[in-house]
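Let's take a friendly walk through this fold, from its pocket to its core.

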Amino acid sequence: MPQLKLSYFDFHGGRGEPARLAMAIGGIAFEDHRFSFPEFPEIKKAAPFGQVPVLHVDGVPVTQCDSINRYVGKLAGLYPTDPYQALLCDEVMYVVEEAGVKLGPTFSMTGEEQKAARLKLVNGSMPVYLGWLQKQLLAHGGEYFADNRLTIADLKVFVDVRGLNSGRLDHVPTDLVEKVAPALNAHMQRIAKTPAVAAYYAKFGAK
Ligand SMILES: N[C@@H](CCC(=O)N[C@@H](CS)C(=O)NCC(=O)O)C(=O)O
């Protein structure tokens, strides 16, 4: 097993959290390098593209969260070996990522500008991607997104839904997911109760 070090912000969400969760669930040893938002400018200087997450594999920095997710998913046994199931898994991750890319610019906005930009998403692309995810989940039995079992795609959606519900995102109503895609909320709650996921958050004293 290579030496792994994952660098990402110290909060239970965002692009780095699915990989942290997957490694915890799979019992994969890794250095969990977390840093605060004020520390980010220093980290940014060393990061390829000035962005995180960065996974160091035997000291080599690797970027792009979904590439990292697929890799650690394979190590942790949370990525399908069947090519079609892997495709379904990737599709779900890319949809969540696209939604994240649309939300990204709003983090550097404030006041009315941020409010207008976020409400545009809340009333536009967000219900579309949440609705699609719900449809996809239900089309595959309602419990998991692919392979009839927990995969990295479930973890990516789980982290996304938790973030939307958290109240951390100003102007995004905390009941948005419940209103437009209740099956995703039920999925999130089920994943949260998975013993390894519950143990992971209990370790941090987080809900
Ligand atoms: N395409 C990259 C995007 C990474 C990204 O934008 N990360 C955010 C944090 S979640 C970041 O580092 N933003 C700081 C910046 O772009 O200056 C990926 O998939 O990992």
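## The pocket and the core

The lining of the largest pocket has 21 nonpolar, 11 polar and nine charged residues. Here Ala, Val, Leu, Ile, Met, Phe, Trp, Tyr, Cys and Pro count as nonpolar, Asp, Glu, Lys and Arg as charged, and the others, Gly among them, as polar. This is a predicted model, in which local features need pLDDT of at least 70, side-chain atom pairs count only at pLDDT 80 or more, and totals for chains, interfaces and linings use all residues. Residues are numbered from 1 along each chain as its sequence is written, and side-chain values use heavy atoms, leaving out hydrogens and water.

A pocket is an open set of points on a 1 Å grid over the protein atoms alone, where a 1.4 Å probe fits, with protein on both sides within 12 Å along at least five of seven lines; lining residues have an atom within 4 Å of a point. Of the 41 lining residues, Y8, G14, R15, G100 and F107 lie nearest the centre of the largest pocket.

A nonpolar core joins buried (under 20% relative accessible area, 1.4 Å probe, protein chains only) Ala, Val, Leu, Ile, Met, Phe, Trp, Tyr and Cys residues through side-chain atoms within 4.5 Å. In the largest one, M126 and L184 have the most contacts (heavy atoms within 4.5 Å). Apart from that core lies another, whose members include F35, F40, V52 and V54.

| Nonpolar core | Residues |
|---|---|
| Largest core, with M126 and L184 | 52 residues |

Beyond its near neighbours in sequence, L184 touches several residues, including L130, F145 and V177. Across the protein chain, buried residues make up 46% of the 207 residues.

Terms used. Buried means under 20% relative accessible area, exposed over 50%, partly exposed in between (1.4 Å probe, protein chains only). Lists of a residue's contacts leave out its neighbours within four places in sequence.
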